[in-house]
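Student: I am new to this structure and would appreciate a close look at one part of its surface. Please describe that part and then place it in its wider setting.

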Amino acid sequence: MKKKISQKNSDGDVVLRVSVSDLGAAEIEVNPKKWNDPDVWGTLLADVAATISCCYSTKEESKRFVEILEKSFVRDFREAIKQETTE
C-alpha cells in the first residue's frame, strides 16, 4: 500500500472511513470529535482487525493473519509516530 492520505472529517455519525485512491494510497477520513477517549479508539481498531481476521476460512489462517497484523501494526505505528514528531 502506498502512503496514506489522512483527512479530518466531521460527518455526523461517521467515525472512520477508508478507501483506496486510483494511485493505490489509503485515503483515511476520521471524525476525532466523536470520541475523546483513546481506549475507545483502541477498541474500535481491535474490532476492525478482528472482523478482518474472521474473513479467513480456517482458524490457522486467521491466527497467522493476527500474528502478522500485530507485528506490522506495532512497526508501522511506531514509524508513523516518529514521522509525526519530526515534522
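Tutor: Let us begin with I81, which lies in helix α2; helices (H or I, at least four residues) and strands (E, at least two) are DSSP runs, numbered from the N terminus. The model is a predicted one, in which local features need pLDDT of at least 70, side-chain atom pairs count only at pLDDT 80 or more, and totals for chains, interfaces and linings use all residues. Residues are numbered from 1 along each chain as its sequence is written, and side-chain values use heavy atoms, with hydrogens and water left out.

I81 counts as partly exposed because its relative accessibility is 40%; buried means under 20% relative accessible area, exposed over 50%, and partly exposed in between (1.4 Å probe, protein chains only).

I81 belongs to a nonpolar surface patch of about 840 Å², together with L16, V18, L45, V48, I52, Y56, F73, V74 and F77. At least two residues of the patch come from each of β2 (16-20), α1 (38-53) and α2 (59-86), and α2 gives the largest share, 4 residues.

Of its 87 residues, 14% are buried.

Note on methods:
Patch = residues over 30% accessible without salt bridge, like charges linked within 9 Å, V, L, I, M, F, W, Y side chains within 5 Å. Areas by Shrake-Rupley, 256 points an atom, 1.4 Å probe, with all protein chains shown as cover. Salt bridge = Lys/Arg side-chain N within 4 Å of Asp/Glu carboxyl O.
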